Amino acid sequence: MPNRQKQVLFSCAGLVGLSCALMAAVATGLPFWVRGSVLCRTGAELVNATGPELEKFVGELSFGLFHGQRVKQCGLGGRPARFSFFPDLLSVIPAGLHIIIIFFCGVVVIFSSVACGFFFFNAFGRPYETLLGPMGLYLWSSICCLSSFLVMVLFASELKIHHLSDRISNFNEENFVFKTYTERYDRSFWLFLLIFFLHGLNVVLIRLAGIQFPFQENKEVDLSGGAADLMY
């Protein structure tokens with residue numbers, strides 16, 4: 001492939017890596033991972049509310065990895081309140097799993113930045129056949145791909161298996177019991193899905209630049225050597 005075309009492809013891949021790093025950093029800090037509503041079950045059962053009356057007992061809930069907001073409706077008007085995971089909710093959430101999710105978010109931010117730098121280095125420099133070169137480009141992009149995928153899977157398991165919304169809604173509640181009414185992933189979660197696909201696109205761009213996948217050439221050499229050995 002001509003050198004100019006390779007520079008354009010690697011520059012585009014570098015810009016994609018930079019945008020992924022920025023998106024991951026912003027998405028990690030924003031409280032827009034989950035948005036839903038919670039039902040005040042105690043109040044609804046006291047008045048036997050059904051149909052439109054049930055809406056008087058449905059509040060709102062939205063949160064991210066660090067903080068969020070909830071509005072509790074128990075028939076007497078909304079009670080808005082803000083909360084923080086650290087240190088308020090550490091006793092009621094799966095803290096180890098939550099910290100692992102934040103760790104992989106940091107991995108995505110760091111290695112997306114590293115990938116961005118090495119893409120530009122390969123576009124305009126003369127890298128050696130080491131981690132600074134083509135092998136490194138595949139490695140950094142693959143790490144980001146895997147880490148963003150793990151962020152989504154682990155957060156989904158924390159939300160669904162450990163009933164995170166219920167735990168948050170009932171935190172510091174003594175008189176009322178709340179239950180998740182509706183629940184959906186918000187924009188920050190879907191940004192990590194976009195990051196996953198963008199790093200996959202970077203792997204495609206590396207291949208379009210004429211760079212073979214790691215160890216592919218070595219395997220071909222080994223196969224040819226084995227065939228030569230059989231002839232003697």
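This is a predicted model: local features need pLDDT of at least 70, side-chain atom pairs count only at pLDDT 80 or more; totals for chains, interfaces and linings use all residues.
Strand β3 (residues 67-73) pairs with β4 in the antiparallel sense over seven bridges; two strands count as paired if DSSP finds at least two bridges between them. Residues are numbered from 1 along each chain as its sequence is written, and side-chain values use heavy atoms, with hydrogens and water left out. Helices (H or I, at least four residues) and strands (E, at least two) are DSSP runs, numbered from the N terminus.

- Within the pairing, Q69 stands opposite R82 in β4.
- The hairpin of β3 and β4 has four residues between the strands, and G75 takes a positive phi near 90° in this hairpin.
- S62 belongs to strand β2 and is buried, with a relative accessible area of 14%. Buried means under 20% relative accessible area, exposed means over 50%, and partly exposed lies in between (1.4 Å probe, protein chains only).
- Leaving aside neighbours within four places in sequence, S62 is in contact with P31, V34, R35, G68, Q69 and F83; contact means heavy atoms within 4.5 Å.
- In a regular strand the side chains alternate between the two faces of the sheet.

**The chain as a whole**

- The secondary structure comes to seven helices and five strands, and along the sequence these follow the pattern α-β-α-β-β-β-α-α-α-β-α-α.
- The chain has 232 residues, of which 42% count as buried.
- Among contacts in the chain with a separation of 6 or more, 70% are between residues 24 or more positions apart.
- The chain exposes about 12,700 Å², and carbon and sulfur atoms supply 65% of this area. Accessible areas come from the Shrake-Rupley method with a 1.4 Å probe; for residues, only the protein chains shown count as cover.

**Nonpolar cores**

- A nonpolar core is a set of buried Ala, Val, Leu, Ile, Met, Phe, Trp, Tyr and Cys residues joined through side-chain atoms within 4.5 Å.
- The largest nonpolar core has 43 residues, and W33, F63, F85, I101, F155, I168 and F192 touch the most other members.
- Elements that each supply at least two residues of this core include α1 (3-29), β1 (34-40), β2 (58-63), α3 (95-124) and α4 (134-160). The largest share, six residues, comes from α3.
- Apart from this core lies another of 13 residues, among them F118, L137, W140 and L205.
- I168 is in contact with L61, F63, R70, F83, F85 and L89, leaving aside neighbours within four places in sequence.

**Salt bridges**

- The structure holds four salt bridges, each defined as a side-chain nitrogen of Lys or Arg within 4 Å of a carboxyl oxygen of Asp or Glu.
- The side chains of D186 and R35 meet in one of them (3.3 Å, N to O). This pair links distant parts of the chain: D186 is in the loop between β5 and α6, and R35 is in strand β1, 151 residues apart.
- D186 is buried, with a relative accessible area of 6%, whereas R35 is partly exposed at 28%.
- D186 also forms a salt bridge with R187 (3.8 Å, N to O), and R35, D186 and R187 are linked in a network of salt bridges.
- E173 and K72 meet through their side chains in a salt bridge (2.4 Å, N to O). E173 lies in the loop between α5 and β5 and K72 in strand β3, so the pair ties together parts 101 residues apart in sequence.
- K72 counts as buried, at 5% relative accessibility.

**Backbone exceptions**

- Most residues other than glycine have a negative phi, and most peptide bonds are trans.
- The peptide bond from F86 to P87 is cis, with omega near 5°, and P87 is found in the loop between β4 and α3.
- H163 has a positive phi of about 50° although it is not a glycine; H163 is in the loop between α4 and α5.
- N172, in the loop between α5 and β5, is a residue other than glycine with a positive phi near 60°. N172 counts as exposed, at 64% relative accessibility.
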